[in-house]
Amino acid sequence: MPDLLEVEHLRVRFRTAGLVQALLKGLDDPFIDAVMDVSFSLAKGETFGLVGESGSGKTTLGRAIIGLVQAQEGSIKFEGKELVGLKDSQYQEVRRNIAMMFQDPIASLSPRKKVRSQIAEPFKIHNIKDKDPDQEARRLLKLVGLHEGFLEAYPHQLSGGQARRVGVARALSLDPKVIIADEPTAGLDVSVQGEILNLMNRLQRELGLSYLIITHNLPVVRHVSDRLAIMYLGRFVETGTTTEIFEKPAHPYTLGLLAAVPEPDPG
Amino acid sequence: MSTSENVLDVRDLSVSFNTARGSLRALRHIDLKVPQNKIVGIVGESGCGKSTLINSLLRLLAPNAVVDDNSEIIFEGEDVMEMGKSDLQGLRGQRISMIFQDPMTALNPVISIGAQMSDILYRQKLTKAQKRERAAAMLAQVGIPDSVRRLDDYPHQFSGGMRQRICIAMALMMNPSLLIADEPTTALDVTLEAQIIHLMKELREDFECSMLFVSHNLGLIAELCDEVIVMYAGEVVEQGNVHDLFHRAQHPYTQMLLECDPARISETRKDLPTISGSVPDLVDLPQGCIFSPRCPKRYEPCNESPPGTFEVGGQHSARCFKVRDA
Ligand SMILES: Nc1ncnc2c1ncn2[C@@H]1O[C@H](COP(=O)(O)OP(=O)(O)O)[C@@H](O)[C@H]1O
Ligand code: SF4
Ligand SMILES: [Mg+2]
């Protein structure tokens with residue numbers, strides 16, 4: 001059986017200068033490769049961690065998978081079906097199965113909408129009529145461990161951890177098989193980070209979800225990922241099981257990243 | 001310890017905010033000292049009162065703030081609470097400098113770096129050329145290559161890490177007695193973060209400046225600080241030197257915070273420890289210990305009255321009945 005998600009030799013290029021500008025400046029190549037020759041797969045129930053610093057191409061790769069940016073080369077297969085080259089209307093169906101959890105939950109929620117409509121919004125976007133959005137919002141809140149009172153809350157009334165939970169509920173609304181989580185714990189207090197990661201783990205066990213976790217936080221990814229890729233300047237410089245990478249890092253860039261993590265022990 | 005050895009000596013500082021729901025008791029009986037040439041770290045989760053504390057030191061509190069009459073903030077022997085307008089101006093940005101999480105809070109996007117740095121020296125009788133020279137030397141010292149030429153560049157022409165270096169250079173231009181760094185590396189990637197921390201260690205040798213370093217990253221506190229203050233819900237719950245805090249933590253909150261840190265857990269496992277429950281409502285405080293609703297070690301005295309600060313030994317103390325009864 002093929003893996004749920006299979007990415008092969010993916011390449012995403014961005015134009016850095018307009019054509020005229022490129023001619024004027026004599027640029028041979030007015031493009032940059034944000035993602036270059038990237039291959040990996042994600043099995044059902046698995047967590048794959050994508051680690052790299054800002055600008056390394058992690059978020060672009062995530063966005064390419066859900067079709068928000070176009071791939072120039074390579075292939076992305078979901079349940080064996082090729083996604084590269086699909087029209088936007090055809091991609092809608094894919095986005096029901098692959099949900100994205102965005103980086104800054106408070107900023108990604110609309111400030112004037114109550115939690116109730118934030119969670120139910122995907123039903124509107126996907127024009128789903130056979131489910132009662134209100135009932136679904138209640139079910140989803142319960143699933144992420146928030147009581148019903150939060151239905152009437154506005155984003156600014158939520159703590160960082162509560163906003164993350166709403167983000168998880170929203171991502172779960174259409175019963176996806178894969179969740180792409182961009183920096184799921186960035187900006188959270190240490191004690192709350194654990195709560196969110198434990199919640200994600202429980203949901204994975206209960207619902208059989210697969211995760212692609214995008215992060216620059218090595219200590220966090222160590223505890224939640226089965227396998228890892230280290231990304232640098234658009235390329236995977238190293239992939240392996242989490243244990244392999246932490247115990248026997250091979251690439252000098254990985255070594256540098258691991259060495260930079262501050263040791264929480266004054267010696 | 002006499003005040004002359006401490007650049008900053010805060011005694012019994014309490015601050016509340018008037019809100020529609022009543023008085024929100026943001027800081028309660030804070031005692032803290034920053035000794036000469038030492039780096040003191042403040043650890044605490046969001047809402048514990050770090051910003052309120054810093055704003056109190058600079059007398060920059062919101063208009064709805066009420067500072068308790070007993071509060072004393074002694075900075076280089078002078079009571080900040082008694083300072084007039086011109087003294088306060090001298091305090092802010094000259095005797096006390098700040099570095100923020102986002103370098104752009106301190107940088108003006110439409111003025112060149114050289115001009116911004118020269119502006120800081122407005123009170124000094126130096127020629128324009130001398131000020132530029134000082135600015136270039138300071139940039140070089142914080143590791144900006146080609147510093148003379150880069151004086152004419154604008155903030156957006158520098159990377160995030162370089163911008164934070166520039167902010168550090170600006171903060172040091174006035175030779176402050178105290179540098180306050182509020183989460184200065186949170187927005188940076190780990191390799192840049194490591195470089196900035198390394199730079200701060202170097203600078204402390206060269207500048208003889210004391211520092212208050214606010215962070216929720218325990219690893220950074222362990223690497224950089226001499227002394228540590230742990231805050232929870234508006235109180236200092238534990239303080240001591242960095243070794244006492246990391247190796248012999250006494251307060252249950254400190255102990256749990258250390259246990260939660262994924263960076264301190266070496267085995268790969270899927271469920272992480274957490275501190276269950278949430279921070280209490282500061283408008284409606286529990287009658288006993290502030291941590292009692294979440295404390296797994298709670299026993300009879302904890303619900304009756306708030307614990308005082310008890311000495312563990314030396315400069316190490318904790319606000320917990322367990323220490324008294326040990
Ligand atoms: N101007 C204000 N009015 C009312 N409450 C405030 C005000 N500023 C801060 N607070 C409250 O004081 C407490 C401490 O906040 P703060 O000092 O910002 O914490 P930290 O910086 O540690 O996150 C919080 O409960 C916060 O909501
Ligand atoms: S005083 Fe009691 S409730 Fe408070 S931290 Fe100590 S043991 Fe826990
Ligand atoms: Mg703050």
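In the predicted model, strand β1 (residues 5-15) of chain A is joined by five bridges to strand β4 (residues 73-78) of chain A, and the two strands run antiparallel. One position in this pairing is A:E6, whose bridge partner in β4(A) is A:K77. Strand β1(A) also pairs with strand β2 (residues 31-42) of chain A, again in the antiparallel sense, through eight bridges. Within that pairing, A:V7 stands opposite A:F40 in β2(A).

Strand β4(A) is in turn joined to β5(A) by two bridges, and these strands run antiparallel. Here A:K77 stands opposite A:E82 in β5(A). Taken together, the four strands form an open sheet of chain A in the order β2-β1-β4-β5, with antiparallel pairing. The edge strands of this sheet are β2 and β5 (81-82) of chain A, each of which pairs on one side only. Helix α2 (residues 58-65) of chain A lies across β1, β2 and β4 of chain A, and runs at about 115° to β1(A).

Strands of a sheet pair through backbone hydrogen bonds, and the pairing may be parallel or antiparallel.

Two packed helices are described by the angle between their axes and the distance between the axes. Helix α6 (residues 160-172) of chain B packs with helix α3 (residues 113-120) of chain B at an angle of about 25°, and their axes lie 9 Å apart. The helices α3(B) and α6(B) are therefore roughly parallel to each other. The crossing in which α3(B) passes α6(B) is right-handed. On the side of α3(B), the contact is made by B:I113, B:Q116, B:M117 and B:I120, while α6(B) contributes B:I166, B:A169 and B:M170. By class, six residues of this contact are nonpolar, one is polar and none is charged.

Helix α3(B) also meets helix α4 (residues 128-141) of chain B, with axes that come within 9 Å and cross at roughly 110°. The helices α3(B) and α4(B) are therefore roughly perpendicular to each other. In this contact, B:I113, B:M117 and B:S118 of α3(B) meet B:K131, B:R132, B:A135, B:M138 and B:L139 of α4(B). Five residues of the contact are nonpolar, one is polar and two are charged. Both B:I113 and B:M117 take part in the contact with α6(B) and in the contact with α4(B).

A further group of strands in chain B involves β1, β5 and β6. Strand β1 (residues 6-19) of chain B pairs with strand β5 (residues 72-75) of chain B in the antiparallel sense, over four bridges. The bridge partner of B:D9 in β5(B) is B:I74. Strand β5(B) is also joined by two bridges to strand β6 (residues 78-79) of chain B, and the two run antiparallel. In this second pairing, B:I74 stands opposite B:D79 in β6(B). Strands β5(B) and β6(B) form a hairpin with two residues between them, and B:E76 in the turn has a positive phi of about 45°.

Finally, the surroundings of ligand 2 were examined. The residues around ligand 2 are B:H251, B:P252, B:C289, B:S292, B:C295, B:K297, B:C302, B:P307, B:C320, B:F321 and B:K322. By class, this shell has seven nonpolar, two polar and two charged residues.

Note on methods. Residues are numbered from 1 along each chain as its sequence is written. Chains are lettered from A and ligands numbered from 1 in the order in which they are written. This is a predicted model: local features need pLDDT of at least 70, side-chain atom pairs count only at pLDDT 80 or more; totals for chains, interfaces and linings use all residues. Side-chain values use heavy atoms; hydrogens and water are left out. Two strands pair if DSSP finds at least two bridges between them. A residue is near a molecule or strand if one of its heavy atoms lies within 4 Å of it. Ala, Val, Leu, Ile, Met, Phe, Trp, Tyr, Cys and Pro count as nonpolar, Asp, Glu, Lys and Arg as charged, and the others, Gly among them, as polar. Contact means heavy atoms within 4.5 Å. Axes are lines fitted to C-alpha atoms, for helices over the stretch in contact, and angles run from 0 to 180 degrees between N-to-C directions. Angles under 35 degrees count as roughly parallel, over 145 as roughly antiparallel, 65 to 115 as roughly perpendicular and the rest as oblique. A crossing is left-handed if the near helix is turned anticlockwise from the far one by less than a right angle, and right-handed if clockwise.
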